[in-house]
Amino acid sequence: MQSPTKIIVSVEKQFNDEVTTDSGIKFYKDTTYKPEWNVVSSGKVEAIARRVPKDFTVDGFYNTVEVGDKLYFHYLVVMDEDNRIDTNLYLVDYFQALATVRDGKIYPVGEHILIDPLD
């Protein structure tokens with residue numbers, strides 16, 4: 001399956017509403033207070049676009065996003081109801097896609113730059 005111009009991702013749930021301690025105790029968070037602090041910002045790529053908008057075409061873009069990758073994106077993707085396709089499926093614009101993870105390696109998407117921290 002391909003989307004015309006956007007990446008389609010699936011997420012397990014919209015909010016990170018549980019915290020589990022090392023001892024196994026599970027706490028539930030109220031996500032209605034400042035929901036942007038608890039929103040999910042990654043998901044599994046279910047479909048990539050057939051064409052990339054002209055402003056976002058860069059060398060190697062199609063090499064960095066593949067179906068099955070874990071995609072990190074801007075938190076407003078999940079907060080905006082216009083991006084919701086189904087219960088756990090969302091549309092991600094290219095400028096909102098930040099990085100993918102494949103085989104334990106992180107790859108930037110588009111023109112985003114990833115910086116390694118200094119010790």
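Colleague: Which residue does K26 meet in a salt bridge?
Modeller: This is a predicted model, and in it the side chain of K26 pairs with that of E18, at 3.6 Å from N to O.

Colleague: Are those two buried or exposed, or in between?
Modeller: K26 is partly exposed because its relative accessibility is 42%. E18 is partly exposed too, with a relative accessible area of 34%.

Colleague: Why would such side chains pair up?
Modeller: Side chains of opposite charge can pair when their charged atoms come close.

Colleague: What does D17 form a salt bridge with?
Modeller: With K13; the closest N and O atoms of D17 and K13 are 2.9 Å apart. D17 has a relative accessible area of 26%, so it is partly exposed. K13 is at 32%, so K13 is partly exposed as well.

Colleague: How many salt bridges are there by this rule?
Modeller: Seven. One of them joins R102 and E66, at 3.7 Å from N to O.

Colleague: Where do R102 and E66 lie?
Modeller: R102 is in strand β7, residues 97-102. E66 is in the loop between α1 (61-64) and β5 (70-73). They are 36 residues apart in sequence, so the pair ties together parts that are separated along the chain.

Colleague: Is R102 buried or exposed?
Modeller: Buried, because its relative accessibility is 15% and the cut-off for buried is under 20%. E66, at 35%, is partly exposed.

Colleague: Back to the earlier pairs. Which residues are joined into one network?
Modeller: K13, D17, E18 and K26, through salt bridges that share partners.

Colleague: New topic. Which residues make the nonpolar surface patch?
Modeller: V19, I25 and F27 make it, and the patch covers about 270 Å². F27 sits in strand β3, residues 26-28. With a relative accessibility of 47%, F27 counts as partly exposed.

Colleague: And V92, buried or exposed?
Modeller: Buried, because its relative accessibility is 0%. V92 belongs to strand β6, which runs over residues 89-92.

Colleague: What is V92 in contact with, leaving aside neighbours within four places in sequence?
Modeller: V92 is in contact with K6, I7, V9, L71, F73, V77 and A97.

Colleague: How far apart are the C-alpha atoms of V92 and K6?
Modeller: They are separated by 5.7 Å, while the two residues are 86 residues apart along the chain.

Note on methods
Residues are numbered from 1 along each chain as its sequence is written. This is a predicted model: local features need pLDDT of at least 70, side-chain atom pairs count only at pLDDT 80 or more; totals for chains, interfaces and linings use all residues. Side-chain values use heavy atoms; hydrogens and water are left out. Patches are made of residues with over 30% relative accessible area and no salt bridge: like charges are joined within 9 Å, nonpolar side chains (Val, Leu, Ile, Met, Phe, Trp, Tyr) within 5 Å. Accessible areas come from the Shrake-Rupley method with a 1.4 Å probe; for residues, only the protein chains shown count as cover. A salt bridge is a side-chain nitrogen of Lys or Arg within 4 Å of a carboxyl oxygen of Asp or Glu. Helices (H or I, at least four residues) and strands (E, at least two) are DSSP runs, numbered from the N terminus. Buried means under 20% relative accessible area, exposed over 50%, partly exposed in between (1.4 Å probe, protein chains only). Contact means heavy atoms within 4.5 Å.
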